[in-house]
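Student: Could you help me learn how to read a protein model?
Tutor: Gladly! Let's look at it together.

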Amino acid sequence: MKHGLYAGKFSPSDEEGIAETADLLREIVPTYAPAFEVAIQLLSARLWRLRRAYEFVAAKPEGELPRNFGEKLNSLELLVNRTLNMLGLSPTSAAELGVNLARLAAGGEHGPSFDWNALEQREREQLERLLRKGRGNGDGG
């Protein structure tokens, strides 16, 4: 059994699994936009690699893992976690995103509703900076 951490080419069945994961991610991302597609594709492939690595660890007797395998696995886990946060799929990032979107969507009693998906990526980033500055915990620039 190979661990798959360095797979340069995926088999058709692996590609199918990665595509299914990407479909699931698109459904659960709180504010999907086409600009997120690269992150979704990367996360899908990384999750595939992570599943394969865990299967590899489970199949190997203790003490027989390749040298530095644990470090590589930790790095992959961190990348997956970072991407989950970027997409609003961790509890903390989802809560922050939900609060921000709820405030914006409310727009006050008589204000217009707010459509996050109508903003371009650059505009979303600028809005996030402004919100952090307004809360007093960002650089604002």
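**Buried rings and a helix**

Tutor: Phe56 counts as buried, at 5% relative accessibility. Buried means under 20% relative accessible area, exposed over 50% and partly exposed in between, with a 1.4 Å probe and protein chains only. This is a predicted model, where local features need pLDDT of at least 70, side-chain atom pairs count only at pLDDT 80 or more, and totals for chains, interfaces and linings use all residues. Residues are numbered from 1 along each chain as its sequence is written, and side-chain values use heavy atoms, leaving out hydrogens and water.

Student: How many aromatic pairs does the structure hold?
Tutor: Rings of Phe, Tyr and Trp (its six-membered ring) pair if their centres lie within 6.5 Å; planes under 30 degrees apart count as stacked, over 60 as edge-to-face and the rest as tilted. Here there are two aromatic pairs. In one, the ring centres of Phe10 and Trp48 are 4.9 Å apart with planes at 85°, so this pair is edge-to-face. Phe10 and Trp48 are both buried. The rings of Phe56 and Phe69 have centres 5.3 Å apart and planes at 50°, so that pair is tilted.

Student: Which helices hold Phe56 and Phe69?
Tutor: Helices (H or I, at least four residues) are DSSP runs, numbered from the N terminus. Phe56 lies in helix α2 and Phe69 in helix α3.

Student: Which residues of α3 are buried?
Tutor: They are Phe69, Leu73, Leu76, Val80 and Thr83. On the other side of α3, Glu71, Leu78, Arg82 and Met86 are exposed.

Note on methods
Helix = DSSP H or I, 4+ residues; strand = E, 2+ residues; numbered from the N terminus.
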